[in-house]
Amino acid sequence: MQAKIERLAVLGAGKMGVTLLSALSASGVVDPKNIVATARHESRRASVGAKYGVATSRDNRQAVESADVVLLCVKPQTAGQVVEEVREHLSPQQVLLSIVAGLTTEQIEEHLGDREVPVVRAMPNTPSRIGQGMTAVCGGRYANENHLELGRAIFSQIGRSLILEERYFDAVTGLSASGPAFLYIVIEALAEGGVKMGLPRQVATELAAQTCLGAGHMVLETGDHPALLKDEVTTPAGCTMDGILALETGGLRVTLINAVVQAGRRAAGLVDE
Ligand SMILES: NC(=O)c1ccc[n+]([C@@H]2O[C@H](COP(=O)([O-])OP(=O)(O)OC[C@H]3O[C@@H](n4cnc5c(N)ncnc54)[C@H](OP(=O)(O)O)[C@@H]3O)[C@@H](O)[C@H]2O)c1
């Protein structure tokens, strides 16, 4: 589906708000003249308006009034208050699309009170900021397939996106939202191995990062199981097999499984402070 937005309101023109508005206007999904972005500080509004050619405001209510899509991009601690502030100005013909981490569609609907507004929740990750994100999208009680598809299409402008039931969102948090941090450590560690073997650090880091990128693309583009791709690199009695042996001895596989599970359990509130 090619998304088309007539008028877009971005509540919270911070890092993610700006990532989305710039990608959506660059791809022609919405004309920058039809975007209103809000922020708390005048300096922020001025810089966003000047850089992206969008209207800016401090007034969230006014911003949502004529918008068909409203993107909620403020911090989690501010989100409930902002939804309550704008709810009288929202209607069932609009879509409220939230990227606020940890805020469920049910919680958003509670803040909306009796307004039967379609809510779409998205969980992007930080590589979205360079167009390489992974986003999962789910819908609230008034969201239909078209709303979900619109959400998916919006996030496909900043990487890959898929529609998923909300009950999986804690797992998504543990995997694709926390995952970049795990992989930065993997990249750093691979590079350290290269440095130990005498490579200059910058070269080692480039080799490690591009190797992770290439391996990810191989999995996505061939559709082959990662184990099959690993077997292709592993010559009998060769050097890769020695490396795999060291890796299994060190417990990398089980460590990564535990990392995803722990982060996901934390997102679900199953781990104490
Ligand atoms: N960063 C990521 O990669 C990422 C990934 C997944 C989800 N998220 C979610 O995305 C949301 C935004 O994160 P971020 O990193 O973009 O944060 P951010 O850069 O701090 O942006 C938040 C923006 O909200 C504005 N704001 C604060 N109070 C407001 C209000 N009452 N009305 C309107 N705007 C207001 C701020 O304005 P000022 O600039 O003037 O203070 C700021 O521009 C968070 O809920 C986070 O959980 C982020």
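Visitor: How do the residues of the shell around the ligand divide into nonpolar, polar and charged?
Guide: Twelve are nonpolar, nine are polar and four are charged. Keep in mind that this is a predicted model.

Visitor: OK, and which residues are the closest to the ligand?
Guide: That would be G12, G14, M16, H41 and A101, out of 25 residues that surround the ligand.

Visitor: Which helices supply at least two residues of that shell?
Guide: Two of them: α1, residues 15-26, and α4, residues 76-86.

Visitor: Let's zoom out. How many helices and strands does the protein have?
Guide: There are twelve helices and eight strands. The C-alpha atoms fill a box of roughly 70 × 40 × 40 Å along the principal axes.

Visitor: What share of the residues is buried?
Guide: Buried residues account for 34% of the 273 in the protein.

Visitor: And of the contacts with a separation of 6 or more, what share is between residues 24 or more positions apart?
Guide: Those pairs make up 65% of such contacts.

Visitor: Now the largest nonpolar core. Which residues touch the most other members?
Guide: V10, V70, L71 and L72 do, in a core of 57 residues. α1 gives this core its largest share, six residues. As a general point, nonpolar side chains in soluble globular proteins tend to be buried together.

Visitor: How many bridges join β1 to β4, then?
Guide: Four, and the two strands run parallel, with β4 covering residues 69-72. β1 also has four bridges to β2, residues 35-38, and that pair is parallel too. In β2, I35 is the bridge partner of L8. To get from β1 to β2 the chain passes through α1, making a right-handed β-α-β crossover.

Visitor: Different strands now. How many bridges join β7 to β8?
Guide: Five, between β7 at residues 133-139 and β8 at residues 159-163, again running parallel. V137 stands opposite I163 there. The chain goes from β7 through α6, residues 145-155, to β8, and that β-α-β crossover is right-handed.

Visitor: Where does A237 lie?
Guide: In the loop between α10, residues 226-233, and α11, residues 239-250.

Visitor: Why does A237 count as exposed?
Guide: Because A237 has 7 C-beta neighbours inside 10 Å, and the cut-off for exposed is 12 or fewer.

Visitor: Last one, A259. Which helix is A259 in?
Guide: α12, which covers residues 252-267.

Visitor: Why is A259 called partly exposed?
Guide: It comes down to the count: A259 has 17 other C-beta atoms within 10 Å. Partly exposed sits between 12 or fewer for exposed and 20 or more for buried, so 17 falls in that range.

How values were computed:
Residues numbered from 1 in each chain as written. Predicted model: local features only at pLDDT ≥ 70, side-chain atom pairs only at ≥ 80, totals over all residues. Near = placed C-beta within 6 Å. Nonpolar A, V, L, I, M, F, W, Y, C, P; charged D, E, K, R; others polar. Core = buried A, V, L, I, M, F, W, Y, C linked by C-beta atoms within 7 Å. Contact = placed C-beta atoms within 7 Å. Pairing = 2+ DSSP bridges. Right-handed = clockwise from strand over helix to strand, strands pointing away.
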